[in-house]
Amino acid sequence: MTTDRPAVLASTLPAPRSAPFPPSPPGRAPAPRRGFLAKAFGITAVLSAAGSGLGLLRDLLLARYFGANQGTDAFLVAWTVPETAAPLLIEDAMSFLMVPAFALALVLREEDPDAPDPVRQLVRATLPWLLLALSGLALAAALGAPQLVELLAPGLRDPGLAVDCTRITAITVLPFGLVGYLAAALRAHHCFTAPAGIYVAYNLGILALLQGFHGHLGVRSAAFGVALGSLLMAGLLTGPFLRRGQAATGRNRRSRRSLVPMPLALLPVAAFTLTRQAQVFVERYLGSALPPGTISHLNYAAKVSQLAMTAGILICTVTFPLVARALAAGDLTAARDRVEKDLGQAAAVVLLGTAFLMACAPSVVSLLFERGAFGPGDTAATADVIRVYSFGLPAQALTGVMIRPYFSLRPVVRRADDPRTEDGGRRLLDWYPAAAMVLGLGVTVAVGLLATSRFGALGLAAGNAAGITTTAVLLLRGLVLRGIPLRLPRVLGGHARLVAAAAGATVLGTAVADLADDPLLSTLLGGLTVALAFAVLGTGLGAREVRGPVLAAARALNPSTGPLNRQTGPLDPPTVADEGKLPHGQ
């Protein structure tokens with residue numbers, strides 16, 4: 001999905017004193033309006049849901065063909081490579097770096113249309129070096145596979161199989177990095193369709209080889225599928241990226257408003273992402289000493305739990321380019337309003353999913369996985385882990401929302417005419433998220449070590465939830481220190497109402513789900529109860545993110561009660577800068 005031309009946020013308010021850039025000149029294109037955001041979110045949600053559905057089917061086939069044993073444990077240790085590369089190179093670190101960089105380039109393009117194209121300048125300065133570095137990383141991962149497996153899971157029963165799978169999945173590093181770069185460029189241009197479809201292509205590649213060759217190659221078929229899927233992802237984005245680049249008009253005149261690379265900005269972003277991913281390393285390391293199948297139970301539980309978190313993150317995936325444009329233009333007020341709204345909406349979506357998982361975990365796991373080699377004991381173990389994991393899901397989503405604007409204030413490039421000096425305090429703040437994540441990881445390790453000997457996989461899941469919650473609390477404070485003036489009482493008060501609604505919905509949903517023995521009926525009854533209870537309780541408690549959609553649905557069912565002006569027609573949709581000022585955040 002694209003717009004006719006790159007839209008740039010209009011600076012509707014004077015830049016605050018702490019604004020990182022001078023105020024934007026008037027007359028630029030207005031921000032995308034609500035219709036654009038709704039359509040972009042709809043397309044992204046549909047394709048992301050399709051990718052998640054195929055990923056769930058992939059996990060179902062893994063469970064059916066291989067169950068939860070030392071073979072799947074070996075593959076999942078090898079899967080650590082693409083699991084680490086995906087957040088680092090696709091959605092997290094690469095997005096944090098390149099969406100703000102392309103947003104700044106687009107702002108400069110609008111400010112000086114006759115100058116050399118800053119977008120092309122950015123690509124020439126960054127893409128060749130990125131491809132070279134990614135090739136070296138992929139080769140190093142393949143050559144160092146034995147040492148990597150020993151480091152990640154020293155207690156693994158079949159390290160040879162894990163080494164083979166690791167060498168196969170090491171191929172993903174190069175295409176994953178290219179996918180992250182191209183997706184960031186396309187999203188900054190407000191093209192969302194192709195980036196939203198990457199996981200559809202990825203999982204189709206895995207499913208094709210898993211279905212066709214699991215009998216001949218065993219679990220290695222899944223590893224080859226991961227490699228094929230990564231290549232399909234890169235192929236999906238290459239065409240749209242090249243067409244977007246060819247659409248830019250040539251510039252001949254030199255401009256003082258060029259971009260200067262800031263390569264050191266890579267370090268704190270990479271450190272944060274790797275430290276966050278280290279939670280998985282801790283689970284695999286400690287889980288390798290537990291009975292066979294424990295790592296698999298943790299993996300299946302995480303995949304189901306993350307569906308709720310992914311739904312919340314979709315919101316900021318669409319709005320992140322808007323926040324980056326606002327920050328590039330120096331409009332901290334518009335960025336603050338958008339971030340506050342994203343925090344509330346993501347919390348509402350994730351807490352609804354959390355309530356559902358806590359209420360219906362046994363029936364959901366039984367419905368999805370209990371067939372073939374995956375037995376009732378695996379169902380009970382996985383469901384218990386899901387319920388513990390769910391306590392950390394809201395913090396996982398909020399961390400994903402907050403870290404995007406945090407790193408947008410210091411992208412990997414800056415204006416050549418930016419008069420700011422790089423003082424030590426600002427450089428030190430760049431490392432705040434990594435430090436917060438290190439403290440959270442310390443909590444994860446401490447809880448895991450203390451609880452694993454007694455509670456097994458549940459202790460690992462509890463450590464994960466406690467660690468990421470610690471990080472989220474620290475990041476909320478860090479965002480204010482960074483210069484985005486969040487209204488914390490408003491944000492925290494809204495989240496408290498949502499948590500109360502989710503707690504009540506969980507209690508009611510659990511009671512209803514336990515009434516039925518059939519997994520499908522239990523899931524449907526429990527899920528419907530959770531949804532209705534969350535809507536009623538959230539509306540009654542005054543949670544803006546719940547009350548707004550409920551009232552909108554009520555008006556849609558009874559249009560005569562809605563405020564419709566038949567003479568003047570509907571009002572123009574608000575701009576991004578105006579959205580935070582509307583009642584109930586609508």
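Author: Begin with a single contact. This is a predicted model, and in it the backbone oxygen of A436 lies 3.2 Å from a polar atom of the side chain of T471. T471 itself is in helix α19, residues 457–482.

Reader: Is T471 buried or exposed?

Author: Relative accessible area decides that, with buried meaning under 20%. T471 has a value of 0%, so it is buried.

Reader: What does T471 touch, apart from residues up to four places away in sequence?

Author: T471 touches A436, M437 and G440 on that count. Sequence and space can also be set side by side: T471 and A434 are 37 residues apart in sequence, and their C-alpha atoms are 9.4 Å apart.

Reader: How is the protein built overall?

Author: The secondary structure comes to 23 helices and 2 strands. Of its 586 residues, 56% count as buried. Among contacts with a separation of 6 or more, 84% are between residues 24 or more positions apart.

Reader: Which residues touch the most other members of the largest nonpolar core?

Author: The general idea is that in soluble globular proteins, nonpolar side chains tend to be buried together. Here the largest nonpolar core has 155 residues, and F75, M98, F102, Y181 and F369 touch the most other members. Helix α14, residues 332–369, gives the most to this core, with 19 residues.

Reader: Why is the pair of Y199 and Y202 edge-to-face?

Author: Planes over 60 degrees apart count as edge-to-face. The planes of Y199 and Y202 are at 80 degrees, with centres 6.2 Å apart, so the pair is edge-to-face. Y199 and Y202 both lie in helix α10, 3 residues apart, about one turn of the helix. As a general point, an α-helix has 3.6 residues a turn, so residues three or four places apart point the same way. In accessibility, Y199 counts as partly exposed at 27%, whereas Y202 is buried at 6%.

Reader: Which residues do ring pairs link into a cluster?

Author: The cluster consists of F272, Y406, F407 and Y432. Rings can also take part in another arrangement: the charged end of R404 sits over the ring of F320, 5.9 Å from its centre.

Reader: Where does helix α13 kink?

Author: In α13, residues 294–328, a kink of about 45 degrees lies at T319, shortly before the proline P321. Of the 35 residues of α13, 31 are buried, so this helix is largely enclosed by the rest of the structure. After α13 comes G330, with a positive phi near 85 degrees.

Reader: What does the side chain of H297 make a polar contact with?

Author: H297 lies in α13, and its side chain makes a polar contact of 2.8 Å with the side chain of D378. H297 is buried, with a relative accessible area of 13%. Setting aside neighbours within four places in sequence, H297 is in contact with A68, D378, A381 and T382.

Note on methods:
Residues are numbered from 1 along each chain as its sequence is written. This is a predicted model: local features need pLDDT of at least 70, side-chain atom pairs count only at pLDDT 80 or more; totals for chains, interfaces and linings use all residues. Side-chain values use heavy atoms; hydrogens and water are left out. The bend at a residue is the angle between axes fitted to the seven residues ending there and the seven starting there. Helices (H or I, at least four residues) and strands (E, at least two) are DSSP runs, numbered from the N terminus. Buried means under 20% relative accessible area, exposed over 50%, partly exposed in between (1.4 Å probe, protein chains only). A nonpolar core is a set of buried Ala, Val, Leu, Ile, Met, Phe, Trp, Tyr and Cys residues joined through side-chain atoms within 4.5 Å. Rings of Phe, Tyr and Trp (its six-membered ring) pair if their centres lie within 6.5 Å; planes under 30 degrees apart count as stacked, over 60 as edge-to-face and the rest as tilted. A charge sits over a ring if NZ of Lys or CZ of Arg is within 6 Å of the ring centre and within 35 degrees of the ring normal. A polar contact is a pair of N or O atoms within 3.5 Å; within protein, one must be able to donate a hydrogen and the other to accept it, and residues adjacent in sequence count only if both atoms are side-chain atoms. Contact means heavy atoms within 4.5 Å.
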